[in-house]
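Please look through the sequence and the model below before reading on. The report that follows takes up pairing, packing and surface in turn.

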Amino acid sequence: MYLDLAPTVEPRPNSVVLTTADTFDPARGLGWVRPPSEGFTNPDFGPLRSPALNDGVAGTDFSLRLNLAPGPWTALVFIDDGYSNAHQVAIDVDGHPIVHSTRRFGVDAE
C-alpha cells in the first residue's frame, strides 16, 4: 500500500490518497485520528525531488490509523533534515516509539 498524503500534484498510480480532512473510517480501515493542521507543497524542490516528495502534511500533533493485516510492514516517513524543528519529531507505532536519526545543521545553515 502506498499512501499519498495531501497530494497537490497528480497522485502516484495505485496510491491511497489522504487529505487533512480524511478522518478515520472503519470501513476503509484508515484515516486521521487527529488530523494534521495543514497540507503543504514546496515547488522550490521540484528540480531536486520526485513530485511525490514535494508535498505532504504538517502540524504539531497528528495521528494516522491504519488497520493492516498481520505480518511485516515497512513504513518510509520522509522528514526534511536540518531545520531547527526536525529533531522534535516523534514517530510511534502501536504506542511504541520508533528511533530515527535526523541531521541538524543549525540556524546559520537554515
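How many salt bridges does a search of the whole structure find? The search finds 1 salt bridge, a term that stands for a side-chain nitrogen of Lys or Arg within 4 Å of a carboxyl oxygen of Asp or Glu. It joins the side chains of Arg34 and Asp61, with 3.1 Å from N to O. Because Arg34 lies in strand E3 (residues 30-34) and Asp61 in the loop between strand E5 (55-58) and strand E6 (63-66), the pair ties together parts that are 27 residues apart in sequence. Side chains of opposite charge can pair when their charged atoms come close.

This is a predicted model, in which local features need pLDDT of at least 70 and side-chain atom pairs count only at pLDDT 80 or more, while totals for chains, interfaces and linings use all residues. Residues are numbered from 1 along each chain as its sequence is written, and side-chain values use heavy atoms, with hydrogens and water left out.

The protein has 8 strands and 0 helices, where strands (E, at least two residues) and helices (H or I, at least four) are DSSP runs numbered from the N terminus. Of its 110 residues, 15% are buried, and here buried means under 20% relative accessible area, exposed means over 50%, and partly exposed lies in between (1.4 Å probe, protein chains only).

Three residues illustrate these classes in the table.

| Residue | Relative accessible area | Class |
|---|---|---|
| Ser15 | 17% | buried |
| Leu66 | 31% | partly exposed |
| Arg34 | 40% | partly exposed |

Ser15 is found in the loop between strand E1 (3-5) and strand E2 (16-18), and, leaving aside residues up to four places away in sequence, Ser15 touches Tyr2 and Asp4, a contact being heavy atoms within 4.5 Å.

The largest nonpolar core consists of 5 residues, namely Ala6, Leu18, Leu30, Trp32 and Val57; such a core is a set of buried Ala, Val, Leu, Ile, Met, Phe, Trp, Tyr and Cys residues joined through side-chain atoms within 4.5 Å. With residues up to four places away in sequence again not counted, Leu18 touches several residues, among them Ala6, Leu30, Trp32 and Leu64.

On the surface, Met1, Leu64, Leu66, Leu68 and Trp73 form a nonpolar patch with about 460 Å² of accessible area together. Patch members have over 30% relative accessible area and no salt bridge, with nonpolar side chains (Val, Leu, Ile, Met, Phe, Trp, Tyr) joined within 5 Å and like charges within 9 Å; accessible areas come from the Shrake-Rupley method with a 1.4 Å probe. Leu66 lies in strand E6.
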